[in-house]
Amino acid sequence: MSNAISGFSKLSKSEKIDWLLNNYFSNKEEARLLVTRYWNSDEVLQKLHDEFIENTITNFYLPFGVSPNFLINDKLYTVPMAIEESSVVAAASKSAKFWYDRGGFKTKVISTEKIGQVHFIFKGDSTKLETFFNTVKSKLFTDASHITKNMEKRGGGILDIELKNKSRDIPNYFQLHATFETLDAMGANFINSCLEQFASTLKEEALNYTDFNADERNIAIVMSILSNYVPNCLVRAEVSCPINDLKSKDILDPQWFAEKFKQAITIAEVEPYRAVTHNKGIMNGIDAVILATGNDFRAVEAGVHAYASRNGSYSSLTHCSIDDGVFKFWIEIPLALGTVGGLTSLHPLVKFALDLLEKPSAKELMQIVAVAGLAQNFAAIKSLTTTGIQQGHMKMHLMNILNQFEATAHEKAKLIEYFKTNVVTHGAVADAINQLRN
Ligand code: MEV
């Protein structure tokens with residue numbers, strides 16, 4: 001175990017690496033080689049990445065793949081995806097092509113409202129606080145105008161600020177609950193700056209408010225921060241077709257398939273253990289596009305899962321209906337995304353991803369991301385209810401297993417051919433590779 005270190009962030013990159021090697025690695029040279037091998041030879045690019053966070057020692061690669069043939073509202077997209085899980089891009093591409101042949105995805109942005117809160121403690125008469133709030137409300141807007149000016153010019157800004165009495169939950173606890181339109185920006189910095197300004201105006205105005213007594217004048221701000229729960233920043237994506245049109249190479253009996261598919265969705269709607277895995281599969285598609293386009297997947301994950309629990313029990317994000325011989329499958333999710341600001345203009349591959357999507361607005365990106373989630377879920381449920389998930393999954397995982405055994409290009413070619421007609425398991429690959437080598 002190493003001793004605690006102070007001033008680590010002030011060390012140079014090579015001093016940091018030396019400290020790590022001296023404290024944690026027996027084979028120092030091997031570890032050093034590994035870390036430095038992942039540096040980019042383009043120093044400008046490397047510096048850019050070094051400066052994204054503190055204490056960068058190297059880069060951590062993820063595959064950046066693309067999934068073509070996504071027909072969304074009659075426009076064709078090739079969707080960028082950054083993800084390590086073998087089968088995700090293949091599954092997305094398969095679903096995209098399946099629905100391309102059946103009219104594609106239809107999507108709609110339902111709402112785009114973001115939320116932020118100033119949490120504070122007020123000890124006193126809540127009706128006096130309400131009167132005070134109504135008196136200072138317009139000043140909350142005007143004091144923030146230096147922050148909102150440019151956003152307002154483009155048609156966004158603060159939508160409303162409400163006072164919420166939360167003292168039934170925690171004694172003396174109140175909130176300013178504000179709503180925002182941040183257009184093509186995810187808006188975290190904009191919202192947080194507005195909120196901190198609201199907090200300072202609120203505190204200052206209370207100090208000078210003559211109707212308050214001494215306790216009431218002393219509003220204590222606890223914190224000011226946006227909420228990643230955005231149930232009014234919603235997008236819907238849908239696919240539908242006559243049941244008979246589901247017929248394909250893998251769906252020989254479309255009526256049977258549609259009903260079994262719907263059963264699987266209904267199970268995820270009512271059974272939380274299944275719903276979590278079901279939604280995890282949806283997030284495979286969503287996170288991959290979120291990451292490739294430089295958005296904050298932790299924010300999206302937190303908000304989406306809260307939304308999945310909004311009725312008091314964790315439930316499926318997708319739904320399915322069969323009416324009058326028509327199969328319909330849809331998703332409705334909250335997504336606070338940006339296509340300007342943040343990483344979008346900084347990370348060269350994010351810029352590439354957005355160019356590939358033909359520079360979408362945040363609203364357009366919401367629709368693409370929702371479709372990626374729906375497509376991913378369609379592929380997963382289709383496999384789960386027909387062949388089982390492992391057949392396709394292990395086929396895609398074969399290359400990982402071959403790489404674990406350090407298979408040569410020749411061995412890979414032979415074994416990929418062999419496993420076209422044999423079941424892939426870790427043991428079966430080990431046996432096959434040993435046989436080949438002997
Ligand atoms: C694996 O990453 C995702 C699945 O488990 C999703 C699901 O079960 O629906 C296949």
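Residues are numbered from 1 along each chain as its sequence is written. Because the model is predicted, local features need pLDDT of at least 70 and side-chain atom pairs count only at pLDDT 80 or more, while totals for chains, interfaces and linings use all residues; side-chain values use heavy atoms, with hydrogens and water left out.

**The chain as a whole**

- The protein chain has 16 helices and ten strands; these are DSSP runs, with helices being H or I of at least four residues and strands being E of at least two, numbered from the N terminus.
- Along the principal axes, the C-alpha atoms of the protein chain fill a box of roughly 90 × 70 × 40 Å.
- Of the chain's 438 residues, 43% count as buried; buried means under 20% relative accessible area, exposed over 50%, and partly exposed in between, with a 1.4 Å probe and protein chains only.
- The accessible surface of the protein chain is about 22,800 Å², and 53% of this belongs to carbon and sulfur atoms; such areas come from the Shrake-Rupley method with a 1.4 Å probe, and for residues only the protein chains shown count as cover.
- Among contacts in the protein chain with a separation of 6 or more, 70% join residues 24 or more positions apart; a contact means heavy atoms within 4.5 Å.

**The ligand site**

- The residues around the ligand are Glu-85, Arg-274, Thr-277, His-278, Lys-280, Gly-281, Asn-284, Ala-380, Leu-384 and Ile-389; to be near the ligand, a residue must have a heavy atom within 4 Å of it.
- Polar side-chain atoms lie 2.6 Å from a ligand oxygen atom in Glu-85, 2.7 Å in Lys-280 and 2.9 Å in Asn-284. (A polar contact is a pair of N or O atoms within 3.5 Å.)
- On its own the ligand has 300 Å² of accessible area, and the protein covers 83% of this.
- Helix 10 (272-292) and helix 13 are the elements that give two or more residues to the shell around the ligand.
- Helix 10 supplies the largest share of that shell, six residues.

- Thr-385 is in helix 13, which spans residues 362-385.
- Thr-385 counts as buried because its relative accessibility is 7%.
- Beyond its neighbours within four places in sequence, Thr-385 is in contact with Trp-256, Phe-257, Lys-260 and Ala-264.
- Phe-212 is in the loop between helix 7 (188-207) and helix 8 (214-217).
- The relative accessibility of Phe-212 is 2%, so this residue also counts as buried.
- Phe-212 touches Phe-122, Lys-128, Leu-129, Phe-132, Ala-206 and Arg-217, leaving out residues up to four places away in sequence.
- From C-alpha to C-alpha, Phe-212 and Leu-354 are 52 Å apart in space, and they are 142 residues apart in sequence.

- Most residues other than glycine have a negative phi.
- Asp-74 is not a glycine, yet it has a positive phi of about 70°.
- Asp-74 lies in the loop between strand 1 (64-72) and strand 2 (75-82), and it is exposed because its relative accessible area is 61%.
- Leu-183, also not a glycine, has a positive phi of about 55°.
- Leu-183 sits in the loop between strand 6 (173-181) and helix 7, and it is partly exposed, with a relative accessible area of 28%.

Definitions and conventions. Polar contact = N/O pair within 3.5 Å; in protein donor to acceptor, adjacent residues only side chain to side chain.
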